[in-house]
Amino acid sequence: MYISITGFRAHSVWHMPRFWWHAVAAMQQVKAAPGLIEADARSMAGVQHTRSAWTDRAAMLAFMTSGAHRQAMRVFPEIGAGYAFGFEAEQMPDWATVRALWLEYGERRASEAARRQVA
């Protein structure tokens with residue numbers, strides 16, 4: 001299966017209502033997406049994380065580039081910074097592993113993206 005992990009941090013607390021508006025719509029969309037095996041979300045240390053498992057990468061990309069999720073991706077640079085990455089795995093990682101992977105792979109890239117937006 002294909003695993004996708006995301007992490008997003010809003011620029012400020014004032015951006016959170018707009019974030020939640022889009023995040024809720026995207027989560028509703030993902031729950032009905034073809035190829036989805038499992039998806040959930042959690043806030044950890046000020047970062048809004050999602051983890052999802054898909055039958056394959058193509059199914060995840062079809063979801064990611066359509067509907068509410070596509071609309072969210074268009075506005076998220078205005079309200080925060082984040083990073084997503086994926087990989088093949090036998091099972092969904094637990095949340096401790098998600099956090100460790102985010103700190104290793106995602107946090108640095110999200111920080112780089114935020115710096116580019118400010119420059």
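I began with the largest pocket: 42 residues line it, and Thr6, Phe8, Thr50, His69 and Phe76 lie nearest its centre. I worked on a 1 Å grid over the protein atoms alone, where a pocket is an open set of points with protein on both sides within 12 Å along at least five of seven lines, and lining residues have an atom within 4 Å of a point. Its volume is about 830 Å³, taken as the space filled by probe spheres set on the points, with grid points joined across faces, edges and corners; the probe is 1.4 Å.

Before going on, I noted that this is a predicted model, in which local features need pLDDT of at least 70 and side-chain atom pairs count only at pLDDT 80 or more, while totals for chains, interfaces and linings use all residues. Residues are numbered from 1 along each chain as its sequence is written, and side-chain values use heavy atoms, with hydrogens and water left out.

Entry: elements. I counted four helices and four strands in the protein chain, as DSSP runs numbered from the N terminus (helices H or I, at least four residues; strands E, at least two). The order from the N terminus is β-α-β-β-α-α-β-α. Going back to the pocket, I found that β1, α1, β2, β3, α2 (57-64), α3 (67-79), β4 (80-88) and α4 give two or more residues to its lining. The most come from α1, with eight residues.

Entry: hairpin. I looked up β2 (residues 36-44) and β3, which pair in the antiparallel sense over eight bridges; pairing requires at least two DSSP bridges. Two residues separate the strands of this hairpin, and Ala45 in the turn has a positive phi of about 55 degrees. Met44 has Val47 in β3 as its bridge partner.

Entry: cores. I listed the largest nonpolar core at eleven residues: Ile3, Ile5, Met44, Val47, Ala53, Phe85, Met92, Trp95, Val98, Leu101 and Trp102. Such a core is a set of buried Ala, Val, Leu, Ile, Met, Phe, Trp, Tyr and Cys residues joined through side-chain atoms within 4.5 Å. Buried means under 20% relative accessible area, exposed over 50%, partly exposed in between (1.4 Å probe, protein chains only). At least two core residues come from each of β1 (2-10), β3 (47-54) and α4 (95-118), and α4 gives the most, with four. A second, separate core has nine residues, including Phe8, Ala23, Val75 and Ile79. Of the 119 residues in the chain, 39% count as buried.

Entry: aromatics. I found six aromatic pairs, counting Phe, Tyr and Trp rings (six-membered ring for Trp) with centres within 6.5 Å; planes under 30 degrees apart are stacked, over 60 edge-to-face, the rest tilted. Phe8 and Phe19 are stacked, at 5.1 Å centre to centre and 5 degrees between the planes. Phe8 is in strand β1 and Phe19 in helix α1 (residues 16-31), so the pair ties together parts eleven residues apart in sequence. Phe8 and Phe19 are both buried. One aromatic cluster holds Phe8, Phe19, Trp20 and Phe76.

Entry: Ser4. I placed Ser4 in strand β1. Ser4 counts as buried because its relative accessibility is 8%. Its C-alpha atom is 6.5 Å from that of Ala53, 49 residues apart along the chain. Leaving aside neighbours within four places in sequence, Ser4 is in contact (heavy atoms within 4.5 Å) with Thr50, Arg51, Ser52, Trp54, Met60, Phe85 and Gly86.
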